[in-house]
Structure formats: structure tokens, C-alpha cells
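Biologist: Please put the model on the screen, and I will ask about it piece by piece.

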Amino acid sequence: MLIVPCPNCGPRNAADLRYVGESRPRPDPNSASAKEWRAYLYERANPAGMLRETWYCRSGCRRYFVLERDTVSNEFTNPPTPVAKLGKRP
Amino acid sequence: MTRLPAQPGEVIDRSRPVDFTWNGQAMSGFAGDTVASALVAGGVRVVSRSMKYRRPRGYISNDYWDPNGLVQVGDEPNVRSAHRLIEPGMAVEAQNVWPSLERDLRAVTGLASRFLTAGFYYKTFMRPAWLWPTYEKVLATFSPGGRIDPDTPHRYHDKRYAHPDVVVAGGGPTGMAAALAAAGAGARVLLVEHCHRLGGHLLWGDEHDRALAAELAAAVETAGVEVLVDSTVAGRYEDNWTGIVQRSHPVAVERLVKARAKVLIVAPGLIERPYVFDGNDKPGVMLSGAVRRFVNMYAVRPGSAAVLFTANPDGDAAAIDLERAGAEVTVVDARRGEGIVRALGGSKGVEGVVLADGRRLDCDLLVTAAGWTAPTSLLNMSGDRPVYDEAAARFFPSVSIGNVLATGGLAGDGTLDELIEHAMATGRLAAARARAVSHRLQAATARAVPVNGEEPEWPVDERPDLARDPHPALFRSTTHGVVDFSEDVSSKDMVGAAAEGYDSVELLKRYTTATMGPSQGKLETVNTVAVLAEARGQTIAEVGTTVWRPPYAPVTMGALGGRLFEPVRVSSIHPWHEANGAVFMLAGQWIRPDHYGDPAGEALNTRQNVGIMDVTPLGKLDLRGPDVPQLLSHLYTNKWMKLAVGSVRYGIMCGEDGVILDDGVTGRIGDQHYMMTTTSSGAATVWEWAENWLQTEHPDWRVHVTPVTSGYTSINVAGPKSRTLVRRLVGDVDLDPEAFRYMQVRTATVAGIRDCFMWRIGFTGELSFELHVPAGHGLTVWEALLEAGEDLGIRPFGVECQRIMRLEKGHFIVGQDTDGLTKLPAVGMPHLLKLDKPDFAGKPELTWALDDTSTPVLVAIQPTDPSVVPDEASQIVRPGTDEIIGRITSSRMSPTLERSVCLGQVLPEVSRPGSELTVVMIDGRRITARVMEHHAHIDPEGERVRG
């Protein structure tokens with residue numbers, strides 16, 4: 001089981017967190033086309049390599065945060081960023 | 001009897017005889033004997049029949065992996081008899097033999113074996129398809145497994161979590177040395193040994209070997225190393241998460257140890273590889289290691305006239321052991337160009353051997369020492385792809401993995417001193433790296449104890465390289481023989497499969513099932529690759545190998561299930577329920593009353609008098625802050641900005657895909673204080689959902705969410721007399737229907753308990769008050785209600801009664817009447833969808849869903865025959881066809897209406913009131929039913945709840 005570096009709780013078993021997945025901006029709900037909205041819902045880049053992804057520390061601090069992970073080696077590189085600091089829509 | 005006089009290294013205790021039975025026949029051995037050693041000592045030669053051809057089989061490797069040694073012990077199938085120790089009274093039987101081990105009538109398939117080649121199952125049992133059920137029955141009798149007894153009593157299995165610095169897989173000389181060195185360098189070490197004692201191959205070695213084993217084991221004991229024997233590291237996963245199966249445990253039948261190793265040392269030694277030749281599976285054909293274990297550890301001589309085909313010093317040592325045991329030994333030395341071609345003999349086992357030079361020798365034991373397989377399993381699981389070394393005739397690790405270190409035979413060859421030196425260096429390196437890993441983990445903990453000092457340099461691997469001894473490449477003789485003993489696959493099958501085009505190792509494996517049986521490739525993987533390489537005219541390195549996957553050793557389902565760590569939740573009223581005849585049900589983590597013996601009677605009483613229900617599992621979230629209305633507006637699909645203090649509103653939440661996520665009521669208790677209720681099962685999900693919006697899209701909203709589900713004991717008081725009852729216990733709230741109206745909330749003192757809140761809602765369809773009492777006082781209020789309501793005919797009711805009543809009222813349940821595709825418009829509540837709000841979860845999808853006329857909608861349904869209750873999930877079909885156009889989602893017999901009532905999802909085209917439906921019952925019968933005008937079967941205008 002992967003060890004996930006929670007910014008508040010430190011390294012934790014992945015089972016202590018919920019994997020939210022690839023971080024994607026939410027389109028404007030009032031102007032998004034069906035294609036854009038469904039891309040937001042379902043389409044994922046799923047790269048073999050660096051991926052920015054969201055985790056939720058459900059058994060610990062209860063915070064959402066973003067990590068960068070190499071999906072090939074499973075190494076986390078950058079220090080975690082609280083999701084709120086990423087800004088909202090692009 | 002072939003028991004020898006006392007041997008210097010024997011592990012049996014001759015002062016403690018042990019009686020057991022073999023196929024009902026009395027047998028005897030000594031404490032410390034395995035089933036195998038006791039059987040062979042008792043003259044047993046044939047222990048099983050091969051899977052397909054029912055050929056008689058005897059022990060070949062005489063260890064845990066022996067493919068021929070699976071037996072039934074009492075009610076336990078597939079016991080590895082060359083590993084399991086005998087116990088008094090043990091009933092051991094041969095598995096899946098018919099009618100007996102000696103005369104298995106299905107051995108006739110052996111005669112037909114030239115027709116039963118690889119892929120036989122696929123080719124023969126394909127057509128005609130209608131015969132498959134018959135084929136299946138016949139094939140099932142060929143399954144190699146033992147007998148499962150459904151009446152086997154429940155036995156305790158356990159789980160443990162461990163956090164050692166270093167896990168060492170393998171308790172042979174190098175594993176012990178590595179563990180000692182790591183412990184000496186300050187690491188906490190867990191040493192895992194597969195067999196019943198530490199020592200590895202030293203245990204069946206000479207005097208010097210045994211002395212070294214004893215010395216190392218004693219040092220391990222005093223070094224503070226934790227040792228698990230009869231245990232196997234079954235798998236290595238991400239970040240060195242290792243699963244260790246512990247078969248011997250004082251209390252549990254089996255225990256699964258989940259250990260997070262900072263560094264894993266892999267030191268399993270080498271596994272002896274069988275040699276492929278005609279007759280190589282006859283009883284009496286054995287590996288040199290098998291013979292040495294029989295003679296030296298168990299004082300058992302497995303034969304008296306032996307031919308020994310050897311290519312290495314271990315084989316030579318077996319010759320010395322056999323001679324000492326009084327056997328005649330003829331050595332056939334591969335290093336001198338000698339070879340064996342064919343084993344001779346009938347169903348009782350080997351009687352002779354034909355050599356490469358044409359000579360024929362009589363023997364009752366044919367021993368091979370043809371080389372080694374490197375069990376690189378744990379390295380494969382760590383990302384290694386071992387490569388073949390032609391000169392040494394085995395695979396070696398190819399990749400350097402920082403926190404997984406190999407030592408011993410996996411890493412190379414050498415004298416014991418050289419190997420131990422390498423192992424000690426490995427142990428020290430592991431301890432140093434474990435410290436570095438530990439430092440990193442500490443440093444990653446932002447607010448933990450300050451880390452001492454700078455991060456250490458990652459310790460460099462400066463271990464001396466081990467030599468690789470040359471070894472003859474011996475895989476197959478000039479004849480064909482068995483490659484996979486478990487699955488009964490021969491080299492001839494493989495050559496045939498390759499000719500048919502299954503000529504990549506992964507395809508060949510799946511087509512022939514080679515390496516897929518109980519021995520899982522331990523004995524046969526490299527021979528499989530070698531046979532395929534030969535068939536393709538390539539080298540072993542070019543063919544490559546299959547990937548070893550977890551588990552390395554079998555883990556029982558019991559151990560995987562193990563001990564449950566799920567908490568069990570009960571309300572503060574639970575003791576009362578237990579004492580008053582409640583029949584309980586499990587609802588997620590909660591145990592709650594399903595009913596008190598008579599759910600229909602409970603419903604009738606609640607409709608006529610008053611009933612109370614413990615609804616504590618209802619999810620409750622305390623919301624505080626100035627921006628709560630924004631949050632509510634975003635989560636729910638309806639409007640929340642103007643909810644007045646003291647009011648309650650019902651809402652439905654949808655996901656961003658428009659699918660209904662949860663529903664419930666939220667009340668405004670104070671200016672900036674709200675209480676939200678969720679479904680019992682949705683409490684955790686909704687909390688995360690709310691946090692998601694607050695932390696990601698709207699960090700500017702000032703809202704505090706606190707889960708208070710178990711902070712309150714919740715009691716639903718329902719029925720026409722509920723107001724009268726509540727009035728008797730609540731003095732500080734005006735309960736007049738005009739003062740405290742339907743869908744309002746008040747804080748109240750109930751039966752003297754302050755800080756309760758109560759609201760008027762009506763899931764049951766009756767006038768009702770839902771009381772939320774600070775949890776510690778729940779039982780007090782419950783008992784006060786029962787006492788005060790005695791003259792009103794009060795009765796408690798459970799979940800089943802509530803389910804009946806809500807169905808009568810037509811209230812849907814999320815997840816029961818809706819599913820993973822049900823969007824809001826499908827449930828027929830258009831007033832709850834406010835698309836003029838600027839934003840809310842799922843808004844675009846819900847906008848588009850309004851135009852959707854193709855997905856099912858929720859309707860109330862009544863069968864024409866009022867006495868018929870179609871099962872939930874019964875299909876609704878287009879009349880006269882099998883085309884499914886809907887399904888019953890909820891159904892009950894309504895005690896109030898004395899008829900069956902349902903909710904169901906149907907296509908819009910048949911959803912109009914009065915539409916006639918055809919429902920397929922579970923027995924295939926078709927009944928008719930009608931779509932109703934309202935979801936509510938009773939009181940559609942809601943006069944009762946508003947009363």
C-alpha cells in the first residue's frame with residue numbers, strides 16, 4: 001500500500017485517505033457546453049508520468065490537498081498544496 | 001519400515017511417539033515428523049494421483065512446495081504434507097482419489113494421454129454448447145483440490161500490523177546473518193522463516209553446517225530480533241508493504257501480518273529444480289534436497305538402491321548421506337557427460353533407470369540434482385526483471401532497488417563465509433537505509449516532532465559482489481517428461497502448444513496452465529521456459545520468464561478476512577431494545593431494531609395511536625457560520641437563501657453528474673446555526689461532499705461543518721396522538737398547530753432534558769415530531785415517552801414498520817428507489833429543481849436532463865390483485881414480450897390499505913396514471929399492475945402530517 005504524504009498528518013497509508021483523482025478545474029456551470037462539462041466529469045489524461053492529483057485525508061485532518069506523483073514510480077515530488085491555494089477556474 | 005537409527009541432525013523426538021491415520025489405516029511417527037517423513041518411514045510410497053492422468057505420485061521435493069504432497073487432514077483440504085507436522089489423532093487422507101489411492105479408475109485417462117494434450121479442455125469441451133453442464137460435472141471430478149466440509153466449525157483467524165525497520169524474508173544462514181547485522185546496527189528486525197525452525201539448508205547439512213545454524217539461531221535469539229517461523233512473506237507491495245502469512249500461532253489458526261518494512265531483505269535461498277525425462281514423475285524419483293531432508297532431519301531412508309544423477313556438490317552430498325544411511329548408491333555425474341534418459345517402473349514406482357550410454361540400472365530411488373531455481377518472487381513484486389545467466393544456469397536480479405536488498409543464493413555463490421559476509425554487509429546497509437527512510441518520513445511530517453539533524457546521505461551499496469559458480473545447463477533429457485507436476489503438463493504438451501502458435505511464454509503458460517497450479521512455478525517455471533526455448537530454437541534469455549506475482553505462499557480466506565476492525569455502532573437506547581424483544585438488523589455500521597415482532601401491527605398502531613422509533617443513525621451535521629445558506633443552496637437543488645429561523649426544509653442533493661446523491665431535511669435553529677440531516681448511510685459521504693465544496697471551490701465561505709450523528713439520540717414520535725404525548729413532556733414550546741407548524745424546528749426541554757431540538761416532519765406520513773436529544777439522555781427520554789404515552793396506546797416501531805409506512809406515503813429512499821443513474825427529474829418533484837440559481841452541484845446535467853424522455857421515472861404502482869406482492873427488483877416488461885421497461889423498486893403489503901403497494905421505475909411512455917403494467921414475478925408468472933396518480937398511496941394531500 002502506497003504511503004501518501006499528508007501535509008498535516010505526515011506520511012499515512014493510502015487507505016487512510018480517499019483518492020479523489022486527477023485535479024481538474026470546474027467549468028462555468030452556466031456557460032459550459034455538454035462536451036466541456038462531461039470532459040470535466042469523465043475525461044482523464046491518465047499519464048504515465050507526472051500527475052497532479054487530489055487526495056482527501058478522510059481518517060486524519062479531513063483536508064483536501066493536491067500532490068504531484070509520478071504514476072510510473074509512485075514517487076511524490078512536490079510538497080503538497082492545499083487545494084484552496086490553487087485558485088479557482090482557469 | 002525405513003526409519004534409521006538416530007541421526008546426528010535429526011529433528012524428531014523419539015521419546016514422543018505420535019499416532020495418526022493414513023486413509024483410515026493406523027500409522028505412527030515421532031513428534032517433529034512431518035506427515036511426509038512419517039508416511040515414508042512407514043513405507044508409503046504413493047501419496048497422491050496426478051491431476052489429469054491420475055498417475056500415482058510420491059514425494060519429489062519433500063518440502064512445502066512439493067506438488068505431489070497435497071493431502072486432506074480432517075476437514076482441511078490441500079494440506080502440504082511435507083511441511084505439516086503430525087499430531088496425535090490426525091486423520092490424513094489422499095485427496096480426490098476414486099475409488100481409492102491404489103486404484104484410481106480414472107487412470108484410464110492416462111492411457112488416452114496421447115490424445116489429452118495441451119488445450120484439450122478448450123478443444124474437446126467446446127461443442128456442443130448444450131452439453132456443457134455435463135462436461136462441467138465430469139471435469140469437476142478432476143479438480144485437484146481436497147474436500148470442503150460446510151460444517152467446519154468457525155475458527156479464529158487474526159491480523160496484525162507491524163512497523164519494523166527491516167523485514168528479512170528467509171531464515172537460512174544469510175537471512176539470519178543479515179538480521180543479526182541489521183539488529184547490531186540498531187534496526188528493529190522481523191525475521192520470517194518459512195519452515196518450522198531457523199537454519200535453512202544448514203539443517204540438512206553436515207556437522208559444521210549444523211553447528212553454524214545453531215550458533216546463528218542462538219545469536220538471533222539474544223540480538224532482540226523478532227522471529228516468525230512457519231511464516232512466509234507472501235507479497236511485497238508499494239512502499240514495502242509486506243503481507244506475511246503466519247501459519248503457527250498460539251491462538252489463531254492463521255494470522256496475516258501486514259508489515260511496513262523500511263527495508264526488505266530477500267534471502268529465500270534457492271529451490272532445487274526437477275529434471276525433465278520420461279518417467280520423472282514416478283514415485284521414487286526425488287530431488288537431492290528431498291533425500292537429504294529425509295535422511296538427515298527425519299532419519300528416514302527413502303530407498304535402498306539409489307541411482308543419483310548429479311551436477312553439483314549438493315547432489316554429491318546426497319550420495320554421501322545415502323551411503324551413510326545404508327543405501328547402495330550409483331552416481332551418474334552430469335559433469336562427466338553422463339546422463340539419464342528414462343525411469344522404468346509400474347504403478348508402484350520407479351524400478352530402474354536407462355542411462356544415456358544405454359546401460360540399464362535397477363533402483364528403487366532415482367535422485368536428481370540438476371540445478372537451481374532462484375525464487376525471485378519478492379524482487380519481481382518490487383519491480384525487478386531477473387535476467388538469465390547462461391554460465392550459472394539460473395536467473396539473477398537485474399535492477400538495484402533502494403529499499404529491497406537481495407542476499408544469499410539469489411545474489412550469487414560462494415563459501416558459507418563469503419555468503420555470510422555478504423549477508424552481514426546487506427544487514428548493515430539495510431539498517432543504514434532504514435534510518436534514512438525513517439528520517440524522510442519524519443521530515444515529511446510537517447507538524448510532528450522536530451527532526452534531528454540534516455537528512456543523511458542515502459547509504460551507498462558497497463557490498464562485495466558474490467561470484468557466480470558455473471553450473472551445467474540441465475533442463476530436459478532426450479526424452480519428454482513432466483514439467484508441471486501440479487497441473488500434469490509435460491514437455492511434449494508444451495512443444496505441441498508452441499507448434500500450435502502458443503509460443504510466447506505468457507501464452508504458453510495460459511494455454512497449458514503450466515506454472516498455474518499449487519506449486520505456482522517454484523519447481524517448474526524455469527523448465528517451462530527452457531522447454532519453450534528449445535522448441536523455438538532460442539536461448540532462455542531470449543524467451544524470458546513469466547512474472548511471479550503474489551502470493552508467494554497460499555493465504556487462507558480466513559486469514560485475509562481475519563479479524564474485523566469495523567466499529568459497531570448502537571444508540572444509547574440499545575439496551576432497552578435488547579431487553580424488549582427487538583429483532584435487530586445491520587445497517588452499515590449500525591445495529592438497529594428492524595421490528596419488535598409485528599411490523600404490520602406497529603404500523604397500524606402508529607397510524608391510529610402513537611408510535612416511537614429510534615432513528616439515531618440518521619446522519620446529522622451541525623452547520624454554523626454566516627455563509628451556511630450559500631452552502632445549502634449549492635448542495636441542494638432547491639432554494640435556501642431565505643429559510644427563516646425556526647423553519648425546516650426538505651432537499652435533494654445531486655452529484656455533478658445530476659444523479660441523486662442524498663436527501664434529507666435541514667432546519668435553521670439560530671441566526672447562523674443550522675442542523676442538516678442526511679440518510680443514515682449517506683452521513684459520511686455528505687460530510688465529505690460539503691467539505692469538498694468548502695475547501696476547493698469556495699474557501700471564501702465561512703462555514704463550520706461538525707458531524708453530530710452520534711452526538712444526539714434521535715426519536716421519531718409519530719401518529720395522530722403524538723402531539724398529545726409530546727405536550728406531556730415539553731413545557732417550554734408552544735405546540736399549538738398554528739404556533740409550531742409542519743416543517744418547523746424548535747429547541748426544547750424534553751422530559752427535563754435541555755438543549756434538545758425537535759422538528760415536525762413526516763416520513764411516515766403521520767403527524768410526527770422528531771426529537772434530537774443529547775446522546776447521553778436518549779434512554780431517559782425514550783422511557784419517559786413510553787411511560788407518558790401508556791394510556792395513548794404507545795408502541796415502539798422499527799425500520800420495517802417505517803419502510804411500510806413511508807411506502808404507503810410514497811416517500812422514496814435514495815439508493816433503493818433511485819440508482820446510480822437516477823437524476824432528479826426522474827423522481828417527479830419539479831418544485832425541488834430551481835435552475836434560476838446561479839450555481840449548484842450538478843446544475844448543467846440537471847438542465848439537460850429535463851429534456852430527456854428516454855430514462856425511467858419513479859411512479860407508484862398497485863398490482864391488480866391486491867393480495868400479490870411482487871418482489872423488489874421484479875422486472876416490468878412490455879406486454880407479450882421480454883423487453884424490460886422498468887422494475888419494482890419497493891413493495892410491501894400495506895396493513896392500512898390491506899393491499900399491496902409499490903414504487904417502481906418505468907419508462908416515461910408507460911408512466912402516466914392508469915397505465916397498465918406487466919410485472920414478471922420471481923417464479924416467472926406475469927401479473928398486471930397499474931400506475932397510480934400520486935406517489936402517495938394514502939393521504940396524497942398530506943392532511944395527516946399537517947394536522
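Biologist: How many residues of chain A are in contact with chain B, and how many of chain B with chain A?
Modeller: This is a predicted model, and contact here requires C-beta atoms within 7 Å. By that test, the residues in contact number 23 in chain A and 23 in chain B.

Biologist: Which element of chain A gives the most to the side that touches chain B?
Modeller: β1 (3-6), β2 (10-13) and α1 of chain A each supply at least two residues of that side. The top contribution is three residues, and it comes from α1(A).

Biologist: How do the residues on that side of chain A divide into nonpolar, polar and charged?
Modeller: The side of chain A that touches chain B includes five charged residues and three polar ones. The nonpolar residues there number 15.

Biologist: What is the order of elements along chain A?
Modeller: Chain A has one helix and six strands. Read from the N terminus, the order is β-β-β-α-β-β-β.

Biologist: Which element of chain A has the lowest mean pLDDT?
Modeller: Chain A as a whole averages a pLDDT of 87, with 86% of the residues scoring at least 70. Helix α1 (residues 34-42) of chain A has the highest mean among the elements, 96. Where pLDDT is low, the predicted coordinates should not be read in detail. The lowest mean, 63, belongs to strand β6 (residues 81-82) of chain A.

Biologist: What percentage of the residues counts as buried in chain A, and what percentage in chain B?
Modeller: A residue is buried if 20 or more other C-beta atoms lie within 10 Å of its own. For the 90 residues of chain A, the buried part is 23%. For the 947 residues of chain B, the buried part is 49%.

Biologist: How far apart are the centres of domain 2 and domain 5 of chain B?
Modeller: The domain assignment places domain 2 of chain B at 158-270 + 376-443 and domain 5 at 810-946. The C-alpha atoms of chain B fill a box of roughly 110 × 75 × 55 Å along the principal axes. Taken over C-alpha atoms, the two centres are separated by 61 Å.

Biologist: How many of the twelve residues of α5(B) are buried?
Modeller: The buried residues include Pro173(B), Met176(B), Ala178(B) and Leu180(B). They pack against β9 (166-169), β10 (189-192), α6 (207-222), β15 (263-266) and α10 of chain B. Ala178(B) itself is in contact with residues including Val168(B), Ile265(B) and Ala430(B). The buried count for α5(B) is eleven.

Biologist: How far apart are the end C-alpha atoms of helix α5 of chain B?
Modeller: The helix covers residues 173-184, so at 1.5 Å a residue its twelve residues should span 16 Å. The end C-alpha atoms agree with that, being 16 Å apart.

Biologist: Which residue follows α5(B) with a positive phi, and which comes just after α8(B) with one?
Modeller: After α5(B), phi is near 100° at Gly186(B). Just after α8(B), phi is about 90° at Gly326(B).

Biologist: What covers the buried residues of α8(B)?
Modeller: The buried residues of this helix include Asp314(B), Ala318(B), Asp321(B) and Leu322(B). Among the elements covering them are α7 (288-298), β18 (305-310), β19 (328-333) and β23 (365-369) of chain B.

Biologist: Is Val354(B) buried or partly exposed?
Modeller: Val354(B) lies in strand β21 (residues 349-355) of chain B. Setting aside residues up to four places away in sequence, Val354(B) touches Val341(B), Arg342(B), Leu344(B) and Arg360(B). A buried residue needs 20 or more neighbours. Val354(B) has 19 C-beta neighbours inside 10 Å, so it counts as partly exposed.

Notes
Residues are numbered from 1 along each chain as its sequence is written. Chains are lettered from A and ligands numbered from 1 in the order in which they are written. This is a predicted model: local features need pLDDT of at least 70, side-chain atom pairs count only at pLDDT 80 or more; totals for chains, interfaces and linings use all residues. Domain bounds come from an automatic or database domain assignment. pLDDT is the predictor's confidence in each residue, from 0 to 100. Helices (H or I, at least four residues) and strands (E, at least two) are DSSP runs, numbered from the N terminus. Two residues are in contact if their C-beta atoms, placed from the backbone, lie within 7 Å. Ala, Val, Leu, Ile, Met, Phe, Trp, Tyr, Cys and Pro count as nonpolar, Asp, Glu, Lys and Arg as charged, and the others, Gly among them, as polar. The expected span of a helix is 1.5 Å times one less than its number of residues.
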